[in-house]
Protein chains: 2
Amino acid sequence: MTSSPATPRARYREQVRAEVRTLALRQVAETGAAGISLNAIAKQMGLSGPALYRYFTNRDELVTELISEAYRELAETVRSAADNEDDPQRRPAVVGRAVRGWALAQPHRYLLILGTPVPGYEAPPETVEVSRAVMTVFLDIFAALPSASPRELDKHLAAHRVWTGGHEASPAAMRRALTFWTRLHGVISLELAGQFTGMGFDPDVLFEDELATILSEGH
Amino acid sequence: MTSSPATPRARYREQVRAEVRTLALRQVAETGAAGISLNAIAKQMGLSGPALYRYFTNRDELVTELISEAYRELAETVRSAADNEDDPQRRPAVVGRAVRGWALAQPHRYLLILGTPVPGYEAPPETVEVSRAVMTVFLDIFAALPSASPRELDKHLAAHRVWTGGHEASPAAMRRALTFWTRLHGVISLELAGQFTGMGFDPDVLFEDELATILSEGH
DNA sequence: ATGCTAAAGTTATAGCATCTAACAGTGGGA
DNA sequence: TCCCACTGTTAGATGCTATAACTTTAGCAT
C-alpha cells in the first residue's frame, strides 16, 4: 500500500505509525472515536506517554489519518462491489448492501467518517477529497442507468456540477447518486445509532424496502 | 414547565440545575456534545469544581437531561408544525421542513440526540421513551393519508408493531412514517456533518426534492 | 429566639488525559 | 570513526472527572 521507504529509519518510523493506527483502530472499535488515547496506545506498545509525539504531532493528526484510511477502505469496498456486478440494473442494490455491510461490521468506523465530528474535529481538505471517491462510484453506477422524469433539482444540479469533479453524469444521474447516498446514510446511521433496537422490527427488511424504492424511483 | 417545588431549598436547587443546563447547552452549541465540562460550567457560575456534583451525580446525568430536553423540544416542534397545517396532504412537507429548520438552528443539539453517541453514552430507557413522541406524530400524519401499493415491508411491520405503542396506523402508514424519518435524517444529518459544504449545490433544493419524492411515493 | 441538622460549598487529592521541555542514549551515514 | 539526527526518557504544566473530608449556611422545629 504505502511505498516502503529507502532508509531503514524511515521504514521503522512507518512501522511504528502503522502499529499506532492499528491499536487506535482497536480502540475505535471498542469505545468509539472519542476513546482514542495516545497515552493508552503508547503503554500498549511498551512506550511511555510522550514518545508517540515523535510520530504524530497531534492526537488530531492520528484521528485524521484514521478517517482518511476508513474513507479509502469504504471507497474500495464500494468500488469492488460495483465491479463484481455485471448487471448495471442490480448494481445499486449490491452496492447499497455493501455499504451497509461495511458499516455494520465496524459501526464506530462508519460513524467516525460520517457521524458527528469528533471533539477536535476540524476536517482537513484532504478528507473532503477522499470522500469524493465514494461519490464517483455512485455517479458511475447511475450514469450507466436510464433515468427519466427530469425534476426541479436536476436543473439546479446541471448548473452546479463542480462537485462531480468533471464526471460526465447527467443531471438526473447526479440527482440519483446524491439521493442514493442520503437515503443509504439515513437508514444505516439510524440503525448504527441504535434507534431501531427497541422497536422490534427487522432492520434488514426496512433496508431492502428502501433499496427497492430507490430502484423503482428511477423508473 | 417543571412544577415549582414547595420548599425554598428545592426551588433553589432546581434554579441551579436549570442554570447548569443552560450553560451546558451553550457549550454544546459552541463546541459540540463532547465539549460539555462540569468544571468549566462551575467556574462560569462562580463555583469551584466539585460543587456541581451536589446537583448532578455524573457528567452523564447532565448529558442525559440535555438529550431528553432536546427530544422533548423537537417533538414539540414537530407536533406544533403538524397542528398548524390543516391540509393533511401538506403536513409531511411542513413537518419535514420544521425538523430541518430545528436541526439547522441548533446543529449540535440535533446531533446530540440523533448523532454519534457521546463518549460515555449509555442511553437510559428514559430517552428511548421520549424519542417515541416524534414517531407518534409521524404515525398520526401518515395514518390520515391514503396509502396504496402494499409492500413486502408492510407485511413485516404488520407483525411487528410494538414500537407504535398501540397506535392504530396501518402497516403502510407505519412504513411511510419510518421511511419518512430515515430519509429526513439522511439529508439533514449529512448536511449538518458538512458533507455538502464543498459541493456547491444548494441543500435547500436537494431537501425539497427529497420531500417531493416522499410525497409522490405515497401515490 | 435558639439551636439542631441537612444541604451547599470549600479545599485536597487521586487518576488520567494532552502536550511541552529538557535531557540521555543509539544507530545510520559521511 | 565519529557526529548528529532520531528515538526515547522523565518532569511538569494544564485541564478534566470524581471522591473525601471539612466548614459554613440556612431552613425549620421547638
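How many residues does the contact take from chain B and from chain A? The contact takes 38 residues from chain B and 37 residues from chain A, where two residues are in contact if their C-beta atoms, placed from the backbone, lie within 7 Å. The structure is a predicted model, in which local features need pLDDT of at least 70 and side-chain atom pairs count only at pLDDT 80 or more, while totals for chains, interfaces and linings use all residues. Residues are numbered from 1 along each chain as its sequence is written, and chains are lettered from A and ligands numbered from 1 in the order in which they are written.

On the side of chain B that touches chain A, at least two residues each are supplied by helix H5 (107-114), helix H7 (152-159), H8 and helix H9 (203-218) of chain B. Helices (H or I, at least four residues) and strands (E, at least two) are DSSP runs, numbered from the N terminus. H8(B) gives the largest share of this side, nine residues. By class, the side of chain B that touches chain A comprises 18 nonpolar, 13 polar and seven charged residues; Ala, Val, Leu, Ile, Met, Phe, Trp, Tyr, Cys and Pro count as nonpolar, Asp, Glu, Lys and Arg as charged, and the others, Gly among them, as polar. Of the interface residues of chain B, 97% are also interface residues in chain A, so the copies meet through the same surface.

Chain B is superposed on chain A by a rotation of 180 degrees with 0.0 Å of shift along its axis (RMSD 0.1 Å). The two copies are therefore related as by a two-fold rotation axis. In chain B, the C-alpha of Gly186(B) is the nearest to the axis, at 1.8 Å. Superposition is by least squares on the C-alpha atoms of residues with pLDDT of at least 70 in both copies.

Around DNA strand C there are 22 residues, of which Asn39(A), Pro50(A), Arg59(A), Ser48(B) and Ala51(B) come nearest. A residue is near a strand if its C-beta atom, placed from the backbone, lies within 6 Å of it. Two or more residues of this surface are given by each of helix H1 (8-31) and helix H2 (38-44) of chain A and helix H1 (8-31) of chain B. The largest share, four residues, is that of H1(B). Ten nonpolar, seven polar and five charged residues form the surface near DNA strand C.

The surface near DNA strand D has ten nonpolar, seven polar and five charged residues.

Within chain B, the axes of helix H4 (residues 91-105) and helix H8 (residues 171-192) come within 10 Å and cross at roughly 30 degrees. H4(B) is therefore roughly parallel to H8(B), a term for angles under 35 degrees. Axes are lines fitted to C-alpha atoms, for helices over the stretch in contact, and angles run from 0 to 180 degrees between N-to-C directions. Pro92(B), Gly96(B), Val99(B), Arg100(B) and Ala103(B) of H4(B) make the contact with Phe180(B), Leu184(B), Ile188(B) and Leu192(B) of H8(B). Seven of these residues are nonpolar, one is polar and one is charged.

Definitions and conventions
Angles under 35 degrees count as roughly parallel, over 145 as roughly antiparallel, 65 to 115 as roughly perpendicular and the rest as oblique.
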